[in-house]
Amino acid sequence: MDQYRRGHNIKMLWASVLLGIAYASLQYSLHRLTGSKSLDGIIGVLLGLYICSHPAANMVDLLFLERGTRRRVSSTRSVIVWLALNILVLLVGWIIITIGATRFAGRAG
């Protein structure tokens, strides 16, 4: 089972947060990235789904692959920080999906 374990990739999570912030900032300042609301919306939804995929995969790993070790480390501070970071990334992804869906529906900007 160790071959499937990805470990805690904090850099990837922070990169996902920065990517989401960059997309939201560009949408806010430029109102259109490609000139088409539909294409901007599709990009936003796909980007948001990609961002959300990392914490979702981490939760699946935590639930299934680390089943035996979960009780042993669940109260340590590092695991709490790890879970908080995953929740932050998930929220950023949801916000990006919402921005993209709003652009796709043509109600923004």
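Q: Which elements does the chain contain, and in what order do they run from the N terminus?
A: This is a predicted model, in which local features need pLDDT of at least 70, side-chain atom pairs count only at pLDDT 80 or more, and totals for chains, interfaces and linings use all residues. Residues are numbered from 1 along each chain as its sequence is written, and side-chain values use heavy atoms, with hydrogens and water left out. Helices (H or I, at least four residues) and strands (E, at least two) are DSSP runs, numbered from the N terminus. Here the chain has four helices and zero strands, and the elements follow one another as α-α-α-α.

Q: What share of the chain is buried?
A: A residue is called buried under 20% relative accessible area, exposed over 50% and partly exposed in between, using a 1.4 Å probe and protein chains only. In this chain of 109 residues, 28% are buried.

Q: Which residues form the largest nonpolar core?
A: A nonpolar core is a set of buried Ala, Val, Leu, Ile, Met, Phe, Trp, Tyr and Cys residues joined through side-chain atoms within 4.5 Å. The largest one has ten residues, namely Leu 13, Val 17, Tyr 23, Leu 47, Ile 51, Trp 82, Leu 85, Val 89, Val 92 and Ile 96. Helix H1 (10-30), helix H2 (37-65) and helix H4 (77-105) each supply at least two residues of this core, and H4 gives the most, with five residues.

Q: How do H1 and H4 pack?
A: Two packed helices are described by the angle between their axes and the distance between the axes. Axes are lines fitted to C-alpha atoms, for helices over the stretch in contact, and angles run from 0 to 180 degrees between N-to-C directions. H1 and H4 pack at an angle of about 30°, with their axes 10 Å apart. That makes H1 roughly parallel to H4, since angles under 35 degrees count as roughly parallel, over 145 as roughly antiparallel, 65 to 115 as roughly perpendicular and the rest as oblique.

Q: Which residues of H1 and H4 meet?
A: Contact means heavy atoms within 4.5 Å. On the H1 side the meeting residues include Leu 13, Val 17, Tyr 23 and Gln 27, and on the H4 side they include Leu 85, Val 89, Val 92 and Arg 103. By class, this contact of H1 with H4 has 13 nonpolar, five polar and one charged residues, where Ala, Val, Leu, Ile, Met, Phe, Trp, Tyr, Cys and Pro count as nonpolar, Asp, Glu, Lys and Arg as charged, and the others, Gly among them, as polar.

Q: Is Val 17 buried or exposed, and what is it in contact with?
A: Val 17, found in helix H1, is buried, with a relative accessible area of 5%. Leaving aside neighbours within four places in sequence, Val 17 is in contact with Leu 88, Val 89 and Val 92.

Q: Where is Gln 27, and which residues does it touch?
A: Gln 27 lies in helix H1 and is buried, with a relative accessible area of 1%. Residues up to four places away in sequence not being counted, Gln 27 touches Arg 32, Leu 33, Asp 40, Ile 99 and Arg 103. Gln 27 and Arg 103 are 76 residues apart in sequence, and their C-alpha atoms are 9.3 Å apart in space.
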